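Open the structure in your viewer and keep the selection panel at hand. The stops below say what to pick next and what to look for.

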Amino acid sequence: MLLWRTVVALPEPLVRAAAAAVVDVAWVVALSPVGRRAEALAGVRHLVRNLEHARPGLAPWRARLVLRAALRSHARAWVDTFVVDTWSEERRRRAVRFVEDEELRAALAVGGAVVALTHSASWDVLGAWGPLEMGPTTTVVERLADDDVFEAFVRARAAVGIEALPHTGAAPPLPQLVRRVRSGSLVPLLVDRDLGGAAVEVDFLGGRARLASGAAALADLADAPLFAFEAWYERDRSVAGGWVVLGRPHRVERVVTGPRPQRVAATTQACADLLAAALARHPQDWHLLSPVLLPGTEPGPGAGGPVGARPEGDGARTGAGS
């Protein structure tokens, strides 16, 4: 809570500059012999492997630039988390731009929709924009060990119009989510990390991964449209903070035949395919600091993962600035 209060109290440009400086130091240390063994940088090492899976075969110098860009993106997203509820409505509207979103808007015009997300760009900025542009928005949040911080997160999301249901420690969220979707809400859910709930093993980034199946299960139960969401940051000096979040929803063809567990597993695989391609296009904005592929399934160096996709924000370009 002290960190949160400090971030909000300080000028935002100063906080962003400090965050960028901290992760630049972490980047340099992580690439050193000491950093490759430091326990405190284990998350960065996991990120390195995840980025290698998303964009295999990069030259070492380019891989280092993508890592720096990903760390800066992560820092940017954390600052966004702390301050987005202090932004004006106009700033929240200008902080996000969707492309090729006609199908999602059409779905929301007649009912609810489910969106599968990865830990890319800032889901908090996207969430703060959603109620303004897409209508009622409900999501699930991981319960933190510190109850005060968890409640602060919930209040911050409520301040921008997001209903945040706890993943654990309260009534199971799925029945409530089904009701929300059926009443016309947008429900975004992170899927690239298994939070210990229902997950299925899928092919992902050249290996095998256990992805959360909540988005596919919810869409199946509510008979709702499902979208895999591609998100990334883009430099835009005309907006406050200098960055906008770009979003592109991809319609997922839900599997509707067979037993429900098989339907959900097959639909989760369809999500995984679309999200893997999205991560290959924007690895610099994926900041998952935990292992994504199951041990023993990781591809060898330069193998696996989607190929032939060039990221719109190339590591050499997005590594500059924060």
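**Stop 1: two rings on one helix**

Select Trp 78 and Phe 82: both belong to helix α4, 4 residues apart, or about one turn of the helix. Keep in mind that this model is predicted. Show the two side chains. Trp 78 and Phe 82 make a tilted aromatic pair, with 5.7 Å from centre to centre and 35° between the planes.

Which of the two counts as buried? Phe 82 does, at 9% relative accessibility. Buried means under 20% relative accessible area, and exposed means over 50%. Trp 78, at 39%, therefore counts as partly exposed.

**Stop 2: a pair across two strands**

Move on to Tyr 233 and Trp 243. Their rings form an edge-to-face pair, 6.2 Å centre to centre, with 75° between the planes. Colour by strand. Tyr 233 is in β8 (residues 226-235) and Trp 243 is in β9 (residues 243-252), so the pair ties together parts 10 residues apart in sequence. Check the surface again. Tyr 233 is buried, with a relative accessible area of 4%. Trp 243 is buried too, at 11%.

**Stop 3: an aromatic cluster**

Select Phe 98, Trp 129 and Phe 229. These three residues form one aromatic cluster. In the whole model, the count comes to 4 aromatic pairs.

**Stop 4: helix against helix**

Select helix α2 (residues 12-30) and helix α4 (residues 60-83). At what angle do their axes cross? The crossing is at roughly 145°, and the axes come within 9 Å. Look along the contact: α2 passes α4 in a right-handed crossing.

Next, show the side chains in the contact.

- From α2, pick Glu 12, Val 15, Arg 16, Ala 19, Val 23, Asp 24 and Trp 27.
- From α4, pick Arg 64, Leu 67, Arg 68, Leu 71, Arg 72, Ala 75, Arg 76, Val 79, Asp 80 and Val 83.

Colour them by type. The contact of α2 with α4 divides into 9 nonpolar residues, 8 charged and no polar.

**Stop 5: charges over rings**

Stay with the two helices and zoom in on Trp 27 and Arg 68, which are among the contact residues. The charged end of Arg 68 sits over the ring of Trp 27, 5.2 Å from the ring centre.

How far is the charged end of Arg 91 from the centre of the Trp 87 ring? The distance is 3.9 Å, and the charged end of Arg 91 sits over that ring.

Methods:
Residues are numbered from 1 along each chain as its sequence is written. This is a predicted model: local features need pLDDT of at least 70, side-chain atom pairs count only at pLDDT 80 or more; totals for chains, interfaces and linings use all residues. Side-chain values use heavy atoms; hydrogens and water are left out. Axes are lines fitted to C-alpha atoms, for helices over the stretch in contact, and angles run from 0 to 180 degrees between N-to-C directions. A crossing is left-handed if the near helix is turned anticlockwise from the far one by less than a right angle, and right-handed if clockwise. Contact means heavy atoms within 4.5 Å. Ala, Val, Leu, Ile, Met, Phe, Trp, Tyr, Cys and Pro count as nonpolar, Asp, Glu, Lys and Arg as charged, and the others, Gly among them, as polar. Rings of Phe, Tyr and Trp (its six-membered ring) pair if their centres lie within 6.5 Å; planes under 30 degrees apart count as stacked, over 60 as edge-to-face and the rest as tilted. Buried means under 20% relative accessible area, exposed over 50%, partly exposed in between (1.4 Å probe, protein chains only). A charge sits over a ring if NZ of Lys or CZ of Arg is within 6 Å of the ring centre and within 35 degrees of the ring normal.
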